[in-house]
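Reader: I have a new model open and would like to go through it with care. Could we take it one question at a time?

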Amino acid sequence: MKKCIVSLLTIIFVSFLAQNIFALTPEEILNKVDDNEVFDTIKYSGVMTIKKGSRRRPRVKTFQAVARGKDKAYIEFTNPGDRGTKYLKLGDELWIKGTYAERADKISGHKLRDSMMGSDYSYEDTMDNEKLVDRYKATIAGAEKVSGHDCYELDLEAKVKEITYARLKIWVDKEQFVAMKIQYFALSGMLLKEMTVDKVKKINERYFPIKVRMVNKQRKDSYTLFEMKSIVLDEPVSESMFSKQQLEK
Amino acid sequence: MKSFYIYRMALRNISRNRKRTLLSAVAIALAVMFICFMRSYITGMWDNVRDNVFAFQSAHVKIVNKDFIKEEKLMPLDLSVYGYEKDYTEVMKLVKNVKGIKYIFPRTKFGAILNLKGKWENLMGFALDPEREAPVNPLKYKIVKGRLFKKYAPGRHEIVVGEVLAQELGVKVGDKLTMMSKTAEEGLGHMTFKIVGISSFGVPEFDKLFFFVDLSVAARFLKMEHEVMELGIYLDDMDESVPVAEKINKILESRPDNPYIAQAWENQSGGQYYNWFAMADNIYNIVYFVFLVLASLVIINTTMMVIYERMKEIGTIAALGMRGASIVKLFFYEAVIISIIGSFFGIVAGGALSYLMSQSGINIAKLTGGSLSDIAISNMIYPYFGLDLLLFAFVFGVVVASLCAFIPASKAARIQPVEAMKGVL
Amino acid sequence: MRNIIILAFKNLARHKKRTIITSVAISFGIMLLIWIHGMLKWADNESQRNLKRYEFGNFTISTKAYKEDRDSFPVDMVINGSEIQKIFRIAEKTGSYASPRTGFKSMMSYKRGFGLPYIVFAIDPEKDAQVFNIKEKIMDGQYLDKNSEGILISAHCRKELGAGLGDYLVMETRTKYDTFQALTIKVVGIYDCPDPVVNRNHLFITRNMAEKNLQLEGTAAEIAFRTKNGNNEPALSLVKESLSSAGLTGLTTETWQELGSDYLTLSQTKKGGSTMIIFFIFIIVAVGIINTMLMAVFERIREIGMLRALGVRDRDIVSSFIVEAAGIGILGSLIGLILGIGVSAYSVYHGLDFTSSFKDMDYGYRTGTIFYNEWNPEMMAMAVIFGILCSVLVSIIPARKAVKMEITDSIRYI
């Protein structure tokens, strides 16, 4: 009997230990998500399909993007309506130049809050450089299946005051460590936007969400579909790509 | 007594006392002159406002996207007139044969921002085709420096900016401005413009906010090659705007899923222009009426004076057997002749004054002591000049003066000769 | 001299009809001058009062950075809580009321429809009511109380969004730390104020609400002052002094004149237009007076000849005409003044209602749509003096001329 009790305790203890060894902390999950998206350079052609309300026709915008790390990016639009529009992200600065402008303009101040090309992404959404773990305190809220993937459900509360979204909810794929779904909340807890990943692709041993849908929950029938095509990772990119000269050329 | 005879007598009376005649005539002339000039001033001032509203804001009838009206505050460029298959000219073709339509102009009004030393300035752009609009649009006469913009050519993006705006931005003809806007596709509109002209409408609110570009330039800036925000329609008779708009709507609605609506100027922006004009008309009619009454008082006064003064004469001719009706006629004719002479000189003087002022303009800002020197707003009012003005003032002078003369003259007929001869009344 | 005056007044009484007609012409003109000027003065002053009552108070205190960027309503260049307390003490010391305000640029939407931009001000309802007059303009529902969780919207906003009392609006904005905030807020009151700029753009919530939801943290973007005597001075100088002696050097003051300078320069131009109208009335009144006075002299040239033949001195004749003219002028002007006061008195309390034509329209003045009059003693005095002077001046020339004639000619003068 005594043996029985001991072995039972052992089992309980071992299983408890195992849980501690093999389960990930929420921070670790977030780090894995961040790591998954870390690259030296990336090149891809993008397609944005923007729908704003039931009355408006969806718009399709295509672009070529080049980025180095998280703080340098260059985007040039290629669809007929926006051909020649260029964006350059240099650290904290965002420069833009239209087809018919002779000089680039810096987007600053409250202009950063504006929507980028009419999408459900604002300029500041694209300017996010910091890691999630640095800004949010995460807790695991449970597990759930999102579009066929087993996911951790994480609740993120802002740790710092200066932050765009006070609260996020993230569903992270348990194997691929891709954020399959993100909900963006206002300070009041009201759901503002919801991002869902429609398609994930494995490139160079890493998983990339290549088809993403962002839905504005405050407006009827308003969403942005974001697709990445012909992705090339970690190929050398000339540093001159990320200069104002290139932009104003 | 025959009218002709009375008429000759009246004529003789007029030349008998030249000084008094002159005084009456001068009084009438002065009143008529002021009526003439006042009307010229008010019409000119009001026409200016009305012209600007019709030329730039409302047209007579406007075709816009139905959904645009709801969100006008946000100026959504994607709620435009884009035609049916190809472009907006389809809509123009569709409605162009409606009876009463004189011109249809494609136009686009849009918001733009400008980075001025790190601060964003909000501006309003107005894109139009100046050649097409030449018969209606006063823009080319409002250019105070430089010239009108030309059509788009690669690298040629010309604009005309308002005078006050230019001053605030510290720019002059030849300078360049880079502006940003949302395109119709909600993309980024970003263009460097060259200022070729400075415009002044004399309305500071307007000159502070607006700049003008060619439609072909805006088409690139806003990526609106095939669409415009509105079709401004001008009619042969602007009073027909409501029925014409109805006819246009009938044609538009015959298309399945029609996205457009035609609005007569009376019904635009919740009837605001109509109410505004009606309001101003009322106010000015009151002001105007007040002037007429004042001027009439001057004339009544003069005529009464003449009659009281001649009371003895009236008594005498009445005693000599002239009948009441004839006495009334005698004075009435005299008054009519004097008022014709007075009114004539009145419109000559008033007309000359109005004409001169209509050419040179009146700077109302200067009248107040020129405290606006820090912002050189040209507050010029160009009084109106036209034959109808002269005719009106003339008829007014003659009719009012004659009618006013009629009252005391008819009284003269009823008085007793004896009392009249004593000069007591 | 006494005789001259008696003579003049006898003449006035003798020509009763003429005296009356001339006086009526003068008085009508004077009345119009007073009335129209009163209305224009009202429109101008009311606009200025409204700037103070609904937009700025007498003056505001804000940080220097905020002042520079005021148009974009920044919420991060603010006055902090302890500074606010110091400012309250300064306000108390100078006998002024002070109300802290923070404007949040917000998109308001109703039933997930399109959003429209407004400025939502976080106010302390009690303090704000001491400085601004929104409270008196509630047309439906309630004014905010300290703990109200609702929003006060304008009549114009109600029309634009199509939402009424008791409906829930969604307010999307950014907090002090630029964090997204979206709130569902119940409309608890609707105001309709005569300042069209406020009516179109401004909505109100409580500071407590903003504290809870917008990370206000006791700060305020600006503090508006209303002085007890209604004038900027002496309170403004005192406040400036106190600010620097309290070491609040990062703060600055702006008067309502500076804040509303855009409007004020424009109104200068408008004044040009109304001056023109007043000027026209003056001219036409002058023509009326000149005309009747000339008549009065000319028709009595024979009398003048007679008087001179009887040995009356020329000077005395001219004087008697002047006195007579002055008599008519005084009579006309006084009647005009009484009529003018009467009309003004009515219009001061009962305005002309232009609501149907002017609703929600920017017609240049910052007034409501009911036009009142304002008492204008300086114009009344001016009009009366003008009436009298004008009569007197124009009578001098013909009277002088008449006494220069040969007596024989003037007696025979018809």
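Reader: In which helix of chain B does Glu246(B) lie?
Author: This is a predicted model, in which local features need pLDDT of at least 70 and side-chain atom pairs count only at pLDDT 80 or more, while totals for chains, interfaces and linings use all residues. Residues are numbered from 1 along each chain as its sequence is written, chains are lettered from A and ligands numbered from 1 in the order in which they are written, and side-chain values use heavy atoms, with hydrogens and water left out. Helices (H or I, at least four residues) and strands (E, at least two) are DSSP runs, numbered from the N terminus. Glu246(B) falls within residues 241-253 of chain B, which form helix α9.

Reader: Is Glu246(B) buried or exposed?
Author: A residue under 20% relative accessible area is buried, one over 50% is exposed, and one in between is partly exposed. With a relative accessible area of 53%, Glu246(B) is therefore exposed.

Reader: What distance separates the C-alpha atoms of Glu246(B) and Asp129(B)?
Author: Along the chain, Glu246(B) and Asp129(B) are 117 residues apart.

Reader: Why is strand β1 of chain B said to be largely enclosed by the rest of the structure?
Author: The strand covers residues 61-65 of chain B. It is largely enclosed because its buried residues number 5 of the 5.

Reader: Which residue of β9(B) stands opposite Ile63(B)?
Author: Two strands pair if DSSP finds at least two bridges between them. β1(B) runs antiparallel to β9 (residues 230-235) of chain B, with 3 bridges, and it is also antiparallel to β10 (residues 260-264) of chain B, with 5 bridges. On the β10(B) side, Val61(B) stands opposite Ala264(B). On the β9(B) side, the residue opposite Ile63(B) is Leu231(B).

Reader: How many salt bridges does the structure hold over all chains?
Author: Side chains of opposite charge can pair when their charged atoms come close. A salt bridge is counted here when a side-chain nitrogen of Lys or Arg lies within 4 Å of a carboxyl oxygen of Asp or Glu. Over all chains, the salt bridges number 41.

Reader: Which residue forms a salt bridge with Asp78(B)?
Author: The N to O distance in this salt bridge of Asp78(B) with Arg59(A) is 3.4 Å. The pair crosses between chains, with Asp78(B) in the loop between α3 (66-70) and α4 (89-95) of chain B and its partner in strand β2 (residues 59-68) of chain A. Both residues are buried, and the partner is Arg59(A).

Reader: How far apart are the closest N and O atoms of Arg68(A) and Glu239(A)?
Author: These two residues form a salt bridge that links distant parts of the chain, from strand β2 of chain A to the loop between β13 and α5, 171 residues apart. Arg68(A) is partly exposed at a relative accessible area of 23%, and Glu239(A) is partly exposed at 37%. Their closest N and O atoms are apart by 2.4 Å.

Reader: Which residues are joined with Arg113(A) and Glu124(A) in a network of salt bridges?
Author: The network takes in residues of chain A and chain C. Beside Arg113(A) and Glu124(A), it holds Arg174(C) and Asp178(C).

Note on methods. Buried < 20%, exposed > 50% of the residue type's maximum accessible area, 1.4 Å probe, protein only.
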